[in-house]
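Here is a short report on how one protein chain is put together. Keep the 3D view open while reading.

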Amino acid sequence: CAFERASPLTRALVAEAVRRIEAAGPLDDAAALRQALHSQPTRAAQVAARAWLLGERLGLPAELARWRQLALWSVLALAVLLALAALATARAVLAPDGSINAVAAFVSLLGWHTLMLLPWLAGLLWAGRGAGDLSLGRMALGLAARVPIDRGPHALTLLHAAAAVLRRARLWPWLTGLLSHTIWALAFALMLALLAFGFAFHAYRLTWETTILSAEFFQRFVAATGALPAWLGFAVPDAAAVQQVGNAAQGAALPGAGQREWAWWLMGCVFTYGLLPRVLLAAFSGWRWRAGQARLAVDMADPEVRRIAARLAALEPPPQVIDAEHRPDAAPRWSPTAPPGAPGTLALIGFEMPPEVDWPPAGLLQPTH
């Protein structure tokens with residue numbers, strides 16, 4: 001059945017959503033209780049099956065399936081918007097003559113990524129409290145729940161139930177982190193593709209200009225930001241190339257080979273400080289997300305769960321002897337002369353009897369008929 005095929009997470013979400021719906025008034029669950037009692041072997045599984053059957057009647061599993069599909073589209077849409085916004089910001093520093101301020105482009109492409117990554121990392125230091133509330137992952141889930149296409153009446157209840165379940169299991173920051181890092185990774189992959197296309201088929205000139213900073217500042221900046229990209233194989237301008245760019249900003253000619261180094265430096269920085277960290281964090285969040293789902297189980301100490309378990313126990317038939325012992329005589333007789341263990345005999349054993357008790361009991365040696 002669908003309950004057997006459902007993951008522990010899906011069962012937990014449906015159970016929490018049903019609990020929240022029943023907070024406004026109990027549901028008719030007589031048939032669900034009987035079906036759960038006869039279909040599942042353990043009490044915890046019976047409680048979960050009862051919630052699942054009620055959830056199916058309310059359309060919650062179908063809402064979850066719709067939610068997953070829309071969440072994927074939300075992730076793709078947010079990734080495209082991020083990439084276009086970053087490129088539009090970088091294009092804002094493009095001069096009419098085709099020159100680009102290299103440092104301004106670096107900040108435009110990586111600034112928002114850094115500002116949004118730091119709060120997520122800081123939130124993990126407090127055991128995940130609030131780490132996913134202001135993230136793109138939370139936004140993607142909210143969009144999926146609020147899209148009006150085929151939305152059921154309990155879509156928002158399911159969203160709040162998911163947040164509650166995942167926070168209790170400390171999975172909320174890992175789910176929102178997985179979605180957020182995936183969105184950013186897709187956005188950076190799109191940025192790199194568009195940057196590579198633009199540098200391959202357009203003649204841009206990366207320069208730096210300043211009023212109060214010195215050439216040494218830009219030399220140190222390029223050397224510091226280019227250390228990791230250079231280790232990964234990207235070309236990085238040296239101090240002489242940085243000085244040439246400064247001279248080019250004042251009207252001096254710049255060789256084309258130098259411009260290629262600047263283009264590779266910018267793309268290397270986007271790859272190293274943007275795409276690579278997001279891919280690694282998405283993989284780490286996905287690993288923690290999958291590992292943490294093993295903690296999702298029915299809390300049998302919860303008062304509401306205990307109440308449902310008591311109602312399930314009340315439906316069970318009274319205990320019966322299903323393998324009664326068969327004896328040759330319906331009424332066995334006591335025979336003091338029969339050897340111990342003979343068919344039709346009984347044994348009476350006294351263990352650590354107090355001194356004031358007569359043993360064997362008076363009258364027990366008399367045969368009965």
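**Overall make-up**

This is a predicted model. The protein chain has 14 helices and two strands. Its 369 residues include 40% that are buried. Among contacts with a separation of 6 or more, 78% join residues 24 or more positions apart. The accessible surface is about 21500 Å², and carbon and sulfur atoms account for 63% of that area.

**Nonpolar cores**

The largest nonpolar core holds 80 residues. Within this core, Trp67, Leu109, Ile183, Met191, Trp262 and Trp265 touch the most other members. Take Trp67. Beyond its neighbours within four places in sequence, Trp67 contacts Leu141, Ala144, Ala145, Leu158, Leu159 and Ala162. Another core, of six residues, lies apart from the largest one. Its members include Leu33, Leu37, Val305 and Ile308.

**Helix 7 against helix 9**

Which residues make up the contact of helix 7 with helix 9? First, the geometry. The two axes are 7 Å apart and meet at an angle of about 95°. Angles of 65 to 115 degrees count as roughly perpendicular, so helix 7 is roughly perpendicular to helix 9. The table gives the residues on each side.

| Helix | Span | Residues in the contact |
|---|---|---|
| Helix 7 | residues 136-146 | Leu136, Gly137, Arg138, Ala140, Leu141 |
| Helix 9 | residues 172-201 | Trp172, Leu175, Thr176, Leu179, Ser180, Ile183, Trp184 |

By class, this contact has eight nonpolar, three polar and one charged residues.

Definitions and conventions:
Residues numbered from 1 in each chain as written. Predicted model: local features only at pLDDT ≥ 70, side-chain atom pairs only at ≥ 80, totals over all residues. Heavy atoms only, no water. Core = buried A, V, L, I, M, F, W, Y, C linked by side-chain atoms within 4.5 Å. Buried < 20%, exposed > 50% of the residue type's maximum accessible area, 1.4 Å probe, protein only. Contact = heavy atoms within 4.5 Å. Axes fitted to C-alpha atoms, helices over the stretch in contact; angles between N-to-C directions. Helix = DSSP H or I, 4+ residues; strand = E, 2+ residues; numbered from the N terminus. Parallel < 35°, antiparallel > 145°, perpendicular 65-115°, else oblique. Nonpolar A, V, L, I, M, F, W, Y, C, P; charged D, E, K, R; others polar. Areas by Shrake-Rupley, 256 points an atom, 1.4 Å probe, with all protein chains shown as cover.
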